[in-house]
Each structure stands twice: as structure tokens, then as C-alpha cells.
Amino acid sequence: MHSRPSPWRARYQQRFAAPQTVVVQPTTWCNLDCRYCYLPFRKLNHQMSLEVAEALAEAVTQFEDNGHPIGIVWHGGEPLAVGQRKFAVLLAPFEALRRAGRVHHYVQTNATLISDTWCDLLATYDVQVGVSIDGPAAVNAERVDLHGKPAFDRILRGITRLREHGTPFSVISVVGATGIAMPEELLEFLATLGCHSVGFNIEEIEGVNTDRQPPTPVQAEEFWQRTITWTREHSAALAVREVERLAEYLQLTRSGQRAEWDRRLLDPIPTVSWKGDVVLLSPELADTTAPEYGDFAAGNILDRSLSEILRNAHRLRYVREFLTGLDRCEAECEFFDFCRGGQAANRYFENGSLTTTETNYCRVSRQALVTALSTLATKEAAV
């Protein structure tokens with residue numbers, strides 16, 4: 001006698017693919033104290049053990065090989081704060097997988113600790129580097145150290161080391177109240193750094209960052225209009241992640257390849273904490289105190305394999321609520337076709353429930369981007 005398949009499992013499989021990215025927290029500690037940071041434990045120096053790294057590598061070994069390497073993203077606190085020897089120890093269990101083309105390492109860093117020997121280590125393990133910097137000194141002023149001193153010069157020194165070693169890097173910039181009004185200056189500055197691409201994260205209300213006023217949708221649409229205009233005029237200078245994604249969506253839709261876009265399901269983005277706890281859907285949900293959701297922990301890889309945790313994702317209350325929210329988005333929102341539902345963390349931190357739909361993140365990062373392009377096209381058609 002066969003049991004009837006769970007409708008929740010079917011709904012999950014309809015929305016989510018196998019993970020393409022695993023976010024890994026080698027330490028909670030950060031040597032900076034950025035004023036908009038959402039991490040609650042960034043001043044505690046917890047570090048991942050070799051046992052957790054080995055369990056994660058074994059879990060990835062069990063994943064089906066689909067011909068594309070899984071991104072292992074080492075992400076904060078500040079990953080490099082564990083030191084070079086410890087970082088090499090944590091990378092070692094993945095080495096057979098890396099050499100076989102099954103995984104590719106990424107690190108998101110504030111760059112203040114990068115040295116010549118760090119560059120050599122990153123090159124040895126072919127680690128792709130993302131640097132967090134918000135713009136020129138005045139715009140980067142929210143990035144300060146534990147004593148409140150600006151980190152700008154130290155970030156630039158780290159970037160200089162990367163360039164001297166020929167290490168390619170991307171940039172993530174948090175766009176707040178200052179940067180939202182000056183996209184051209186931001187883009188021109190970032191282009192001088194030598195990065196190959198930039199992603200703009202418009203400041204969000206999440207984690208412990210709850211008392212600052214984020215940019216408005218009106219400000220965001222103006223920002224994206226000017227950003228799109230700049231990228232058209234400087235197409236070879238710098239790729240902007242959000243503009244590239246919108247352009248790809250439009251290209252596939254207009255060229256009769258819409259089915260390819262529709263086949264792209266969401267990544268569950270398992271995030272593995274320093275102690276092995278796994279959180280799904282949004283890395284920002286890690287270390288969040290939420291008793292009603294079991295603090296979002298889906299399991300611990302020292303007790304259960306990551307494959308088993310993912311197989312049972314549909315049983316989690318917060319995953320089910322997010323699936324309900326996605327269904328509502330698809331039914332109600334004209335931007336869903338491009339957006340695909342935004343981020344679970346923003347629903348929780350902004351609205352208090354994952355069953356909700358629109359968030360300020362949606363409005364400033366997805367909707368404003370689309371309307372900015374539409375507004376520009378309308379203006380150009382009228383000329």
C-alpha cells in the first residue's frame with residue numbers, strides 16, 4: 001500500500017530546486033561594526049570546528065552531480081577573521097570536491113584583513129572574492145571598526161592587494177540615505193576599483209537593523225533610472241547585478257525562450273552556522289531568535305545529513321508559510337513574473353509573517369527597477 005504524497009512536498013518541489021549555493025558561517029565575529037549591520041552576534045567570537053566543515057563536505061558529496069559546481073559561500077561575520085591557518089583547515093575537507101569540479105568557493109569580505117599571504121591562500125583554493133564597500137569615503141562612512149573609526153582606507157588597501165595579485169573580485173554595496181541620491185558617483189568610483197561587477201543592496205530593515213529609515217520607492221526608482229542610463233553609456237566599465245538580471249529576463253522573454261526563465265526555480269540557500277545549525281530560505285534568518293519557528297533551525301548537520309534536512313524542508317512551519325506567501329504573490333502581484341517572490345527574511349522582519357506579500361525590499365529592489373526601465377522606455381519613445 002502506497003502512502004499519498006504530501007501536498008506540501010509537491011508545493012515545495014514546484015517552487016524550489018536543489019541547492020546551487022550553500023552559505024557557510026566560519027565565525028560570528030566581525031572586526032567591523034557597520035551601523036546598518038543585521039547580525040546580532042558579530043561581537044562574539046564563535047568559530048566553526050573542523051568537524052562541522054567535514055560534515056558539510058560529506059553532505060555535499062551526497063548531492064547529485066548535475067554538472068554545475070555548488071557555490072560554497074563563506075560569509076560572516078568576517079570570514080577572514082578566523083585567520084589563514086584556520087581558514088585553510090576549514091577548506092581542506094572540500095578539496096577533493098573542488099578538484100573534481102563539484103564545488104567552487106566564494107568569500108564575502110570587508111577586505112580590511114587581506115594581505116599578500118591571504119591572496120596566495122585564496123589563489124591556492126581558487127576562491128572567488130566579493131568585497132563589501134559602499135562607495136567613496138563619505139558614502140562608506142557607515143562602515144566603521146569596533147572603535148567607531150572609518151574602515152575606508154583599510155578596505156582600499158585590501159583591494160590594492162587583490163589587484164596587485166591579479167585576483168578578480170566583485171563588489172556588494174549597501175545603498176543607504178546618502179548613496180541613493182548619487183548613483184553616478186558610486187558607479188564611477190566602483191569602476192575605478194577594478195571590480196568586474198557590483199550588486200547594490202538597498203538598505204533593508206532586518207535582523208537587529210530596525211531603527212534606521214531605509215530609502216523610499218520613489219528614491220529607488222530614480223536611483224535605478226540613473227543606474228540603467230549609466231550602464232548603457234559605460235557598458236564595458238562595470239556590470240550591475242540587478243540590471244543584468246532584468247536584461248536577461250527581457251532577452252529570454254522577447255526571444256521566445258521564456259520557458260528557460262520559467263524553469264529556474266528558487267534556491268533554498270541552506271545556511272550552515274558555525275555550530276552546524278542549518279537555516280533555509282534566507283541567510284539573514286540565521287541567528288534570529290524566533291521561538292515560534294524554532295529559531296528557523298531546520299536541523300544540524302552533525303545530527304542529520306543536509307540532504308535529509310532538505311528532503312524534510314516542506315515540513316517546516318516557516319517554509320510552509322513562505323510557500324503560502326509565494327502563492328499569494330503569484331496571484332496578486334504584477335511583478336511576480338520577474339521577481340519570483342522576493343526574500344523570506346524581509347517578509348519576516350518587515351511584516352512579521354512569511355505568509356505576507358509585498359515588502360519595502362520588493363518595492364525598492366524589484367518593483368522600482370522594473371518601473372525605472374519602463375519609465376525610461378516611455379521617455380525615449382516620446383522623443
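This briefing walks through aromatic contacts, a pocket, cysteines and some backbone details of the structure above.

The model is predicted, so local features need pLDDT of at least 70 and side-chain atom pairs count only at pLDDT 80 or more, while totals for chains, interfaces and linings use all residues. Residues are numbered from 1 along each chain as its sequence is written, and side-chain values use heavy atoms, with hydrogens and water left out.

**Aromatic contacts**

- Rings of Phe, Tyr and Trp (its six-membered ring) pair if their centres lie within 6.5 Å; planes under 30 degrees apart count as stacked, over 60 as edge-to-face and the rest as tilted.
- The count of aromatic pairs by this rule is 18.
- One of them is edge-to-face: tryptophan 74 and phenylalanine 87 are 5.6 Å apart, centre to centre, with 70° between the planes.
- That pair links distant parts of the chain, 13 residues apart, with tryptophan 74 in strand 2 (residues 70-74) and phenylalanine 87 in helix 3 (residues 84-91). Helices (H or I, at least four residues) and strands (E, at least two) are DSSP runs, numbered from the N terminus.
- Are tryptophan 74 and phenylalanine 87 buried or exposed? Both are buried, where buried means under 20% relative accessible area, exposed over 50% and partly exposed in between (1.4 Å probe, protein chains only).
- Tryptophan 261 and phenylalanine 338 make a stacked pair, at 6.3 Å centre to centre and 10° between the planes.
- This second pair also links distant parts of the chain: tryptophan 261 belongs to helix 10 (residues 258-262) and phenylalanine 338 to helix 13 (residues 336-339), 77 residues apart.
- Tryptophan 261 and phenylalanine 338 are buried.
- Tyr293, Phe296, Tyr318, Tyr348 and Phe349 belong to one aromatic cluster.

**The second largest pocket**

- The second largest pocket holds about 470 Å³ of space.
- For the method, a 1 Å grid is laid over the protein atoms alone; a pocket is an open set of points where a 1.4 Å probe fits, with protein on both sides within 12 Å along at least five of seven lines, and lining residues have an atom within 4 Å of a point. Grid points are joined across faces, edges and corners, and the volume is the space filled by probe spheres set on the points.
- The second largest pocket is lined by 20 residues, of which Ala17, Ala18, Pro19, Phe63 and Leu310 are the closest to its centre.
- Helix 1 (7-15) and helix 11 (306-311) are the elements that give two or more residues to this lining.
- What is the class make-up of the lining of the second largest pocket? There are 8 nonpolar, 7 polar and 5 charged residues, with Ala, Val, Leu, Ile, Met, Phe, Trp, Tyr, Cys and Pro counted as nonpolar, Asp, Glu, Lys and Arg as charged, and the others, Gly among them, as polar.

**Cysteines**

- The number of disulfides is 0, a disulfide being a pair of cysteine sulfur atoms within 2.5 Å.
- Cysteine 119 is in no disulfide, and the nearest cysteine sulfur, that of cysteine 195, is 16 Å away. Cysteine 119 is buried, at 2% relative accessibility.
- Cysteine 362 is also in no disulfide; the nearest cysteine sulfur belongs to cysteine 339, 5.1 Å away. With 8% relative accessibility, cysteine 362 counts as buried.

**Backbone details**

- Glycine 76 and glycine 77 are joined by a cis peptide bond, with omega about -5°. Glycine 77 is in the loop between strand 2 and helix 3.
- Alanine 111 has a phi near 70°, a positive value in a residue other than glycine. Its place is the loop between strand 3 (103-109) and helix 5 (116-124), and alanine 111 is buried at 0% relative accessible area.
- Aspartate 295 has a positive phi too, near 55°. Aspartate 295 lies in the loop between strand 9 (277-279) and strand 10 (297-300) and counts as partly exposed, at 34% relative accessibility.

**Helix 4**

- Arginine 98 lies in helix 4 (residues 95-99) and counts as buried, at 17% relative accessibility.
- Leucine 97 also lies in helix 4, and its 8% relative accessibility makes leucine 97 buried.
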